[in-house]
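Hi there,

I am passing along the structure we talked about, so please have a look when you get a moment.

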Amino acid sequence: MIAAPNSAITKRAMRSCVPFAVMGSLYFVAMAATVQSVEIQALVKTFITGVLTSGDFIGKWLTFVSACFGTATTAASGWLHLLSLDLFVARHVYLDGLETKVPSAHSLILCCMFGPCGFLAHVLTKTVWDKVRR
């Protein structure tokens with residue numbers, strides 16, 4: 001999308017649902033591995049026991065979530081989740097940039113790791129570009 005935005009291959013890939021099906025499949029596999037993880041199962045038991053004995057749901061929940069992200073499988077799931085969001089936002093920016101003929105390479109670069117910031121950059125660029133055209 002950044003290096004060859006007008007390539008037929010790039011356009012076909014970004015208009016397709018295949019990239020999202022691939023990311024969704026990888027995310028599903030990572031989540032299945034997370035749920036089956038011995039570490040996560042132990043954390044769930046500790047969480048439930050802690051809530052039942054102390055009644056402090058919010059405190060135990062925050063501890064549970066932070067402990068879960070300390071495991072490799074949950075971290076992988078989290079990264080796939082975030083990368084899927086970044087791809088979704090980048091795809092929108094890319095297709096909108098093609099349609100409106102607004103430069104979007106800088107926004108796409110931001111979308112690669114900071115999806116919402118890339119979207120914001122695209123909206124700002126589009127606003128400025130529209131004013132320059134008039």
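Below is what I found, going from the overall fold to single residues.

First, the ground rules. This is a predicted model, in which local features need pLDDT of at least 70 and side-chain atom pairs count only at pLDDT 80 or more, while totals for chains, interfaces and linings use all residues. Residues are numbered from 1 along each chain as its sequence is written, and side-chain values use heavy atoms, with hydrogens and water left out.

The chain holds 7 helices and 0 strands (DSSP runs numbered from the N terminus, H or I of at least four residues for helices, E of at least two for strands). Its radius of gyration is 20 Å, well over the 14 Å that the globule rule gives for 134 residues, so the chain is more spread out than a compact globule. That radius is taken over C-alpha atoms, and the rule is 2.2 Å times the number of residues to the power 0.38. Along the principal axes, the C-alpha atoms fill a box of roughly 65 × 30 × 15 Å. Buried residues make up 28% of the 134 (buried is under 20% relative accessible area, exposed over 50%, partly exposed in between, with a 1.4 Å probe and protein chains only).

W79 is found in helix α5 and is partly exposed at 47% relative accessibility.

How many salt bridges are there? The count is 1, taking a side-chain nitrogen of Lys or Arg within 4 Å of a carboxyl oxygen of Asp or Glu. The side chains that meet are those of K126 and D96, at 2.9 Å from N to O. K126 lies in helix α7 (residues 115-133) and D96 in helix α5, so the pair ties together parts that are 30 residues apart in sequence. K126 is partly exposed at 25%, whereas D96 is buried at 13%.

T74 also lies in helix α5, buried at 10% relative accessibility. Beyond its neighbours within four places in sequence, T74 is in contact (heavy atoms within 4.5 Å) with T34, I40, C68 and F69.

Best wishes
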